[in-house]
Amino acid sequence: MVEKALFAIFMEGVFIKNFLLIQFLGLCSFVGVTKDFKSAAGMSGAVIFVMAMAATASYIVYNYILVPAGMEFLDLISFIVVIAALVQLVEFVVRKNVPALYRSLGIYLPLITTNCAVLGVVLLNVLSEYGFVQSVVFGISAGIGYTIVMLMMASIRERSTFVNIPSSIRGLPQAFFISTMLSMAFVNYFWVIPI
Amino acid sequence: MDPLSEYIRGITRDNPIFGLVLGLCPTLAVTTSVENAIGMSAGTAFVLVFANIFVSALRKQIPSAVRLPIFIIIIATFVSIVDMIMEAYFPPMYAALGVFIPLIVVNCIIIGRAEAYANKNNVFYSFIDALGISTGFLLVLMLIGGIRELLGTGQIVTFGYTLVSLPLNPDVTTMILPPGAFLTIGTLMAIVNYQRAKKRAKGG
């Protein structure tokens with residue numbers, strides 16, 4: 001376990017190493033699900049939830065099953081299985097107990113299994129040698145950072161629907177140009193936080 | 001179907017970045033230099049070729065209800081192999097690409113080709129398809145990496161050889177920082193869209 005303040009890990013997850021704009025993790029959903037605000041919010045909610053759960057579950061699997069058995073080389077395969085199982089479990093529990101939440105998050109849950117942001121959280125936790133609480137904090141903060149950027153992007157794209165721009169820029173190129181601006185803000189403002 | 005046109009299709013019409021728009025994360029994250037772009041494409045190509053071959057060879061045995069988990073396990077196995085080979089033999093490259101080598105496992109290109117192509121075609125054509133898609137991926141990554149490295153650092157240095165050098169201010173590094181990635185791919189995509197629209201208007 002590394003010595004690092006939890007607040008520093010939190011700020012790093014949300015701003016300094018923002019998953020979407022700085023680390024480029026989870027871009028498929030970033031350009032795919034941000035066409036309207038409502039689905040971006042649904043996807044973000046599901047991602048925060050699964051990231052926190054995945055950080056917890058993978059810490060337990062890695063440190064209490066793989067390390068004692070000397071099978072660290074199986075980490076990738078076991079993480080992807082853990083995430084897939086977790087997503088299924090979350091879907092099952094939410095559908096059974098909170099049908100209203102399932103109706104808003106449900107269709108996004110299967111997408112998350114192959115979302116590289118979730119696997120990214122898990123792998124970065126192992127790489128940075130975080131302890132249990134640190135891992136969970138990093139998972140939650142990465143989810144919050146993801147949410148902030150998804151909501152910003154969705155609002156901007158929704159408002160710029162009727163802007164008159166050349167047809168070859170409409171759609172994906174436009175989304176990338178908006179991300180350029182957002183990314184500049186993140187790079188320049190948040191790299192100066194002294195932690 | 002003839003093999004050559006199947007191969008070319010992976011570079012042009014079904015180009016993973018500009019045609020299918022899959023696998024954006026590594027495309028933007030590792031293209032800070034041509035060298036990283038080549039390393040990343042090589043890793044992805046290895047996994048894509050073997051995953052396509054194995055999925056295609058096993059396509060009659062895999063029950064369609066559980067095919068996605070099985071594809072993921074096949075892909076994860078080859079990604080683990082690439083991960084270990086890179087760590088053992090190319091440590092500087094491994095350090096530069098970092099978490100993106102293990103993340104090949106969730107690269108949509110690979111599972112996309114397994115599902116859309118290898119699951120329906122024989123081993124030989126799946127192999128050709130994987131080669132075509134890998135070449136398309138390599139070319140796009142090298143293009144983006146080249147633009148960013150040249151405009152960000154003023155020169156392109158690949159495996160110790162300086163290919164091009166420009167008299168630019170070395171303090172302006174925007175292009176190798178994250179915004180440069182978004183700007184480059186947005187511009188390239190707009191150009192591709194413009195060319196396609198022009199071709200369509202001509203009736204091509």
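**Notes on the two-chain model**

1. B:Thr153 lies in helix H7 of chain B, which covers residues 123–153. The model is predicted. B:Thr153 is partly exposed, because 19 other C-beta atoms lie within 10 Å and a residue needs 20 or more to be buried. Leaving out residues up to four places away in sequence, B:Thr153 touches B:Pro170 and B:Ile176. B:Gly112 is 41 residues from B:Thr153 in sequence. In space the two are 35 Å apart, C-alpha to C-alpha.

2. Next, the packing of H7(B). Its partner here is H8(B), at an angle of about 130° and with the axes 10 Å apart. H7(B) is therefore oblique to H8(B). The crossing is right-handed. On the H7(B) side the contact uses B:Ile144, B:Ile147, B:Arg148 and B:Gly152. These meet B:Gly180, B:Ala181, B:Thr184 and B:Ile185 of H8(B). By class, the residues of this contact are 4 nonpolar, 3 polar and 1 charged.

3. Now the strands of chain B. S1(B), residues 155–158, pairs with S2(B) in the antiparallel sense over 4 bridges. B:Ile156 stands opposite B:Val164 of S2(B). The two strands form a hairpin, with 2 residues between them. In the turn, B:Phe159 has a positive phi of about 50°. How many of the 5 residues of S2(B) are buried? The count is 0, and S2(B), residues 161–165, is hardly covered.

4. Most residues other than glycine have a negative phi. B:Val21 has a positive phi, near 50°, and is not a glycine. B:Val21 sits in the loop between helix H1 (3–11) and H2 of chain B. It is partly exposed, with 17 other C-beta atoms within 10 Å.

5. A:Glu129 is the chain A case. Its phi is positive, about 55°, although A:Glu129 is not a glycine. The residue belongs to the loop between helix H7 (116–127) and H8 of chain A. Is A:Glu129 buried or exposed? It counts as exposed, because it has 11 C-beta neighbours inside 10 Å and the limit for exposed is 12 or fewer.

6. Last, a helix pair in chain A. H1(A), residues 6–16, and H8(A), residues 132–159, have axes that come within 7 Å and cross at roughly 30°. Angles under 35 degrees count as roughly parallel, so H1(A) and H8(A) are roughly parallel to each other. Their crossing is right-handed. H1(A) makes the contact with A:Leu6, A:Ile9, A:Phe10, A:Gly13, A:Val14 and A:Phe15. Among the residues on the H8(A) side are A:Val133, A:Val137, A:Phe138, A:Ala142, A:Gly145 and A:Ile148. The contact has 11 nonpolar, 4 polar and no charged residues.

How values were computed
Residues numbered from 1 in each chain as written. Chains lettered and ligands numbered in written order. Predicted model: local features only at pLDDT ≥ 70, side-chain atom pairs only at ≥ 80, totals over all residues. Axes fitted to C-alpha atoms, helices over the stretch in contact; angles between N-to-C directions. Parallel < 35°, antiparallel > 145°, perpendicular 65-115°, else oblique. Left-handed = near helix turned anticlockwise from the far one by under 90°. Contact = placed C-beta atoms within 7 Å. Nonpolar A, V, L, I, M, F, W, Y, C, P; charged D, E, K, R; others polar. Pairing = 2+ DSSP bridges.
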